[in-house]
Amino acid sequence: MSVLVAITGRDNTKLIAKMKSRLPSIRIEELNDCQNLESVEFVLAWNAPVSLWPTLPNLKAVSSFGAGVDSIDLSLLPADVEVVRIVDKQLANDMAEYVLTHVLAQKLRLKEYAIKQQQSIWKPKRAHKHNQVSILGFGELGQACAHRLVNNGFNVNAWSRSPKTSNIATLYHGDDGLTQMLAQTDYLVCLLPLTSSTQGIINKQLLEQLPEHAVVINVARGGHIVEADLLDALNNTRIRAATLDVFASEPLPSEHPYWLHPGITLTPHCAALSDLDSVIEQIAENILRLKAKQPLINCIDKQQGY
């Protein structure tokens with residue numbers, strides 16, 4: 001049995017060294033150095049080339065190197081290959097802190113004052129009175145954000161594809177529920193998994209259903225937003241502002257209009273970063289479980305995509 005690290009776009013030296021230290025009896029190879037693809041039974045993946053999957057005849061499990069699995073084309077995997085993800089409890093706390101911070105920053109006009117500081121303009125204004133936060137996606141991260149927001153005086157709505165229950169948020173589901181929720185939204189926070197049904201969900205049609213004072217906060221995936229539609233809504237004051245932590249292309253290209261847009265607050269995909277040691281422990285546990293023919297942890301439903 002061997003493990004293949006197929007993570008592109010980053011230096012994996014430290015990751016692989018830690019994995020080898022944790023799993024000294026397991027062969028661990030990086031994609032470009034793998035000598036025998038037929039021996040690979042477990043792949044740790046993030047944006048792996050699609051050409052890889054047909055070359056692994058004995059693949060049994062794939063682990064995403066993140067909380068989501070949208071970087072893996074699940075349709076290319078055999079039906080019997082299990083897919084797992086990273087579950088980091090600290091991520092939920094970090095995400096809740098980020099969302100609360102940026103809702104408050106938008107409410108208190110901090111972006112506006114930062115621009116005025118550069119222009120030496122002294123012009124105080126009252127904070128926006130808007131207090132209704134709507135969350136797209138009500139999984140572990142969405143629920144953590146809802147608790148933090150409610151504890152800080154905000155009213156919270158949440159939307160999901162199917163019905164859920166909550167004692168802290170007003171819940172909506174389905175297309176009709178989404179329409180109802182958007183009409184009463186001051187701050188729209190996207191925490192959805194990226195799937196074929198949520199790709200481009202923040203588009204012209206959705207943005208037109210928000211009040212003109214609404215703010216979009218995306219901390220899920222860049223693919224949830226149709227960039228041209230968001231820029232058009234901002235440029236035509238159909239919404240007030242946006243805070244973006246994730247992008248369709250990362251790092252964000254230097255020529256992208258987001259960088260200098262006065263209505264956009266931009267952060268470099270930093271809302272919730274996993275601790276490497278915690279991630280390696282979960283990956284190692286699943287590798288050892290696979291070797292011992294035991295059930296894996298943190299499995300996803302490949303049909304649902306999360």
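Student: Where does His130 lie in the chain?

Tutor: His130 sits in the loop between helix 3 (110–118) and strand 6 (132–136). Helices (H or I, at least four residues) and strands (E, at least two) are DSSP runs, numbered from the N terminus. This is a predicted model, where local features need pLDDT of at least 70, side-chain atom pairs count only at pLDDT 80 or more, and totals for chains, interfaces and linings use all residues. Residues are numbered from 1 along each chain as its sequence is written, and side-chain values use heavy atoms, with hydrogens and water left out.

Student: Is His130 buried or exposed?

Tutor: Buried means under 20% relative accessible area, exposed over 50%, and partly exposed in between (1.4 Å probe, protein chains only). His130 is buried, because its relative accessible area is 16%.

Student: Which residues is His130 in contact with, leaving aside its neighbours within four places in sequence?

Tutor: Contact means heavy atoms within 4.5 Å. For His130, the partners are Lys107, Phe154, Asp186, Tyr187 and His213.

Student: Now to another residue. Where is the place of Asp73?

Tutor: Asp73 belongs to the loop between strand 4 (61–64) and strand 5 (82–84). With a relative accessible area of 32%, Asp73 is partly exposed.

Student: How far apart are the C-alpha atoms of Asp73 and Pro257?

Tutor: They are separated by 29 Å, and the two residues are 184 residues apart along the chain.
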